[in-house]
Amino acid sequence: MSEAGLLSGVERPPAPSRRPIGSERLFWAGALVLALLVAMPVLSLAWIAVAGTGSTWSHLMRNVVPDAARVTALLMLGVALATGVTGTILAWLVSSFSFPGRRVLSWALVLPLAVPTYVAAYCFNEFLHYVGPVQTGLRALFGFRTRADYWFPEIRSLGGAILILSAVLYPYVFLAARAVFLMQSRRPAEVARTLGAAPLRVFLTVLAPMARPAIAVGVSLALMEVVNDIGAVEFLGVQTLTFAVYSTWLNRGDLQGATQIALALLLVIVALVWLERASRRRQRFAAGRTEAAAPTLQQLNGTRALAATAVCLLPLTLGFAIPLGVLTRSALKRAGDIADPALWRALWHTVLVAGASACLVVAIGFLVTYGVRLTKSRTLRFAARLGTLGYALPGTVLAIGLLVPLAAFDNALDAALRRHLGVSTGLLLSGSGLAIVLACTARFTAMGHGTLESGFAKLSPHLDMAARTLGHGPGAVLRDVLLPLMRPAALTAFLLVFVDAAKELSATILLRPFDFDTLATFVYAQASRAAFEDGAIAALLIVLVGILPVMLLTRSLLGGERPGRA
């Protein structure tokens, strides 16, 4: 489910099912087919699991899975604690207190979402390297001559991975917790204060427990990104289950073994999705906006005000300012690379893949969401939910599930044309950029579906009924009535999918054909050969492209608060 859909709060109970009639059957059938096509990687993965012999599973269980599972568990635990604590405290500060810079920080704290995890890892390595500004400054300040004269933590480690991933993923928790703090009733907190409870005690005993379901949603979203990551963990030398899938498939040439590890990883994802769904069910009993009084901000002065500002600035500096500064510095040093034809090809491929994926997601989302609205079909609703599972699958797992049916189609078509026409088609789907587009469409359909579903929920069904009584069919109602009203939601869905597809690395690096780089794989290739500065311009472009949708998401979820003075 998309960030907007996951953080929207109360879910409506599903409408009763009914059989589609007349021309509605066309929308029902088309939407059902598209939903199942999007769910194809999930179904394909299940088929591979059933068809596999399991001959390599014992070897993987002895030599690969235990260590990878342990590292994955420690990484997820560390990120869950760091993002949960950081995001909740920041949300509490900006929603409960007034201090210098609060209004700016209330939206700026979301900016780390624009930084891909793998770019953050490369930037932190440059920033904290032996010849980087931090260690160079320490040596100059204290007179150290060599690395043996002082101790400095190693960023390429499990602890470094936890720090870096948490620095760019805490906004998921911040958004969820702040939305609840603004919506929930202020009465319990006011009662606690009248009884003499200090602000910190009110937060720990009243506000945080009430926001626990939203915090769990934010943490589960952050953990899904952790499980999906491959660029950062590989660069930092952290051997997770996701990296084990990638290594088993490409380095060992063992597709079946990679699938078996992917299924083990899928169990982790299912647990996270279950946790998120359970948290959303509990949110039904939270106070709505109509019950909540307008938030009264407590004025902080002196050292407390400065401390609150400093606490908010620290994660923003780690998650956004440092990566942006490193990228800008490196890009200026490689300013001549702006004319590199490979960079422009990567940019064109990125725009092409991200734009096509976003258009497909919006089109599928419109048809499926309107089909559910039109027919109230439980079957279609289930197929739509099945199609949104792609968001919960890591890119490596999704790539495996997609590659098998695409390769089967290519081989069958090639064999048929060879037999009847003597023509070889080669790899039409699995050997082209179309495979990446399909992977991004399957992965981010949940994002488009959730955003459009929220938009349709705000439109009264009476609009449809009035148009139908005037003789308009379902297609005319969608084209002439609903589409113009849904333009803001459609634009939001397009931008969010475009940016996430532009940042996607895990599936792209496995499915891309030869000599087909996107900005993400261009940066990955340069960093893999220890030449990150050569990809700095590409990485900076990815971050800059991501800022606009992040700001759009902030306005949508936080009520459109704009920058200003505290």
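Me: Why does Val311 count as partly exposed?

Reply: Buried means under 20% relative accessible area, exposed means over 50%, and partly exposed lies in between (1.4 Å probe, protein chains only). Val311 has 39% relative accessibility, so Val311 counts as partly exposed. A word on the background: this is a predicted model, where local features need pLDDT of at least 70 and side-chain atom pairs count only at pLDDT 80 or more, while totals for chains, interfaces and linings use all residues. Residues are numbered from 1 along each chain as its sequence is written, and side-chain values use heavy atoms, leaving out hydrogens and water.

Me: Why is Cys312 called buried?

Reply: The relative accessible area of Cys312 is 0%, so Cys312 is buried. Cys440 is buried too, because its value is 2%.

Me: How many disulfides are there?

Reply: A disulfide is a pair of cysteine sulfur atoms within 2.5 Å. By this rule the count is zero.

Me: Which residues have the most contacts inside the largest nonpolar core?

Reply: They are Phe99 and Leu109, in a core of 142 residues. A nonpolar core is a set of buried Ala, Val, Leu, Ile, Met, Phe, Trp, Tyr and Cys residues joined through side-chain atoms within 4.5 Å. Another core lies apart from this one, with 15 residues, including Val362 and Phe456.
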